[in-house]
Amino acid sequence: MTLANLLLVAAALFAIGLFGLLARRHAIGVLLSIEIMFNAVNLAIVAIAWSRGLLEGVVLVLFGIAITVAEAAVGLALVLLATRVRRTAVLDDLSDLSG
């Protein structure tokens, strides 16, 4: 696989994640779309680092994965709390939490 093909796959994944982020109303769907977008960025970074023979890209992706896991944990905790309090995870129904 060439660098261009890997970057095309990463761009397609990012577009799918962006579409899901904009189209989904359920909080879990939005979190999954954000995860797809993070993974697309990680794929692009690894592909570029692989093409240049650099190891720093892999280290950067490992750091990004750690941040993504923390973001998912906080996001799922917020969704569980909202579901417990409001009995729904639909983002339109949770708009009164926006301040």
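A salt bridge is a side-chain nitrogen of Lys or Arg within 4 Å of a carboxyl oxygen of Asp or Glu, and the structure holds one of them. This is a predicted model, in which local features need pLDDT of at least 70 and side-chain atom pairs count only at pLDDT 80 or more, while totals for chains, interfaces and linings use all residues. Residues are numbered from 1 along each chain as its sequence is written, and side-chain values use heavy atoms, with hydrogens and water left out.

**View 1. The salt bridge between Asp92 and Arg25.** The two side chains meet at 3.3 Å, N to O. Asp92 lies in the segment after helix 3 (56–86) and Arg25 in the loop between helix 1 (3–23) and helix 2 (27–52), so the pair ties together parts that are 67 residues apart in sequence; helices here are DSSP runs of H or I with at least four residues, numbered from the N terminus. Asp92 is partly exposed at 47% relative accessible area, whereas Arg25, at 56%, is exposed (exposed means over 50%, buried under 20%, and partly exposed in between, with a 1.4 Å probe and protein chains only).

**View 2. A nonpolar patch on the surface.** Leu55, Val58, Val59, Leu62, Ile65 and Val69 form this patch, with about 550 Å² of accessible area together (by the Shrake-Rupley method with a 1.4 Å probe, only the protein chains shown counting as cover for residues). Patch residues have over 30% relative accessible area and no salt bridge, nonpolar side chains (Val, Leu, Ile, Met, Phe, Trp, Tyr) being joined within 5 Å and like charges within 9 Å. One of the patch residues, Val59, lies in helix 3 and is exposed, with a relative accessible area of 53%.

Conventions. Helices (H or I, at least four residues) and strands (E, at least two) are DSSP runs, numbered from the N terminus.
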